[in-house]
Amino acid sequence: MNGFRYLKNVTTLRFNPERCNGCRLCLQVCPHGVLEPAEKRIKIGDADACMECGACARNCPTQALQVKAGVGCAGALLTGWFYRTEPTCDCACRSAAPVKTK
């Protein structure tokens with residue numbers, strides 16, 4: 001699923017740098033490399049690659065990362081991708097379909 005994209009700017013991923021202790025566990029568990037190292041902390045690098053799995057937030061000891069895991073567009077697209085069905089979610093972007101990038 002490298003290069004997986006759906007819609008821009010719809011992820012629920014949020015980062016509070018003031019809470020980050022720099023442990024970088026999130027970098028190890030993110031399956032899409034959404035997060036990047038930044039000096040002594042991390043930063044959100046490619047938010048549109050976030051599939052809202054929640055691994056980063058569940059592994060953050062300081063709760064610097066928040067994401068509504070398995071919801072909205074990302075959850076619908078992943079379910080559609082796995083079950084080969086038309087993705088549907090509860091927002092206005094029902095016609096969205098994943099777009100593969102290089």
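Let me start at one pair of residues, where A38 stands opposite R41 in strand β4. What we are looking at is a predicted model, in which local features need pLDDT of at least 70 and side-chain atom pairs count only at pLDDT 80 or more, while totals for chains, interfaces and linings use all residues. Residues are numbered from 1 along each chain as its sequence is written, and side-chain values use heavy atoms, with hydrogens and water left out.

For two strands to count as paired, DSSP has to find at least two bridges between them. Two residues lie between these strands, and E39 takes a positive phi near 50° in this hairpin, although E39 is not a glycine. E39, in the loop between β3 and β4, counts as exposed at 79% relative accessibility; here, exposed means over 50% relative accessible area, buried means under 20%, and partly exposed is in between, with a 1.4 Å probe and protein chains only. A positive phi also turns up at Q63, near 55° and again in a residue other than glycine, and Q63 sits in the loop between α2 (55-58) and β5 (65-66).

The protein has three helices and six strands, and from the N terminus on the elements run β-β-α-β-β-α-β-α-β. These are DSSP runs numbered from the N terminus, with helices (H or I) of at least four residues and strands (E) of at least two. Of the 102 residues, 33% count as buried.

Which side chains meet in a salt bridge? They are those of E36 and K43, at 3.7 Å from N to O, and the count for the structure comes to one salt bridge. The rule asks for a side-chain nitrogen of Lys or Arg within 4 Å of a carboxyl oxygen of Asp or Glu. In general, side chains of opposite charge can pair when their charged atoms come close. E36 is partly exposed, at 31% relative accessibility, and K43 is likewise partly exposed, at 40%.

How many disulfides does a search of the whole structure find? It finds zero, where a disulfide would be a pair of cysteine sulfur atoms within 2.5 Å. C23, for instance, is in no disulfide, and the nearest cysteine sulfur, that of C60, is 6.0 Å away. The sulfur of C50 is 6.2 Å from the closest cysteine sulfur, in C56, and so too far for a bond. C23 is partly exposed at 37%, whereas C50 counts as buried at 8%.

A cavity is a set of points on a 1 Å grid, over the protein atoms alone, where a 1.4 Å probe fits but cannot get out, and lining residues have an atom within 4 Å of a point. Grid points are joined across faces, edges and corners, and a volume is the space filled by probe spheres set on the points. The largest cavity has a volume of about 110 Å³. Of the 14 residues that line the largest cavity, C30, V34, C50, C53 and C56 are the closest to its centre. The second largest cavity holds about 80 Å³, and among its 14 lining residues C20, C23, R24, C26 and C60 lie nearest its centre.

Notes:
1 Å grid on protein atoms, 1.4 Å probe; cavity = no way out; pocket = protein on both sides within 12 Å on 5 of 7 lines; lining within 4 Å.
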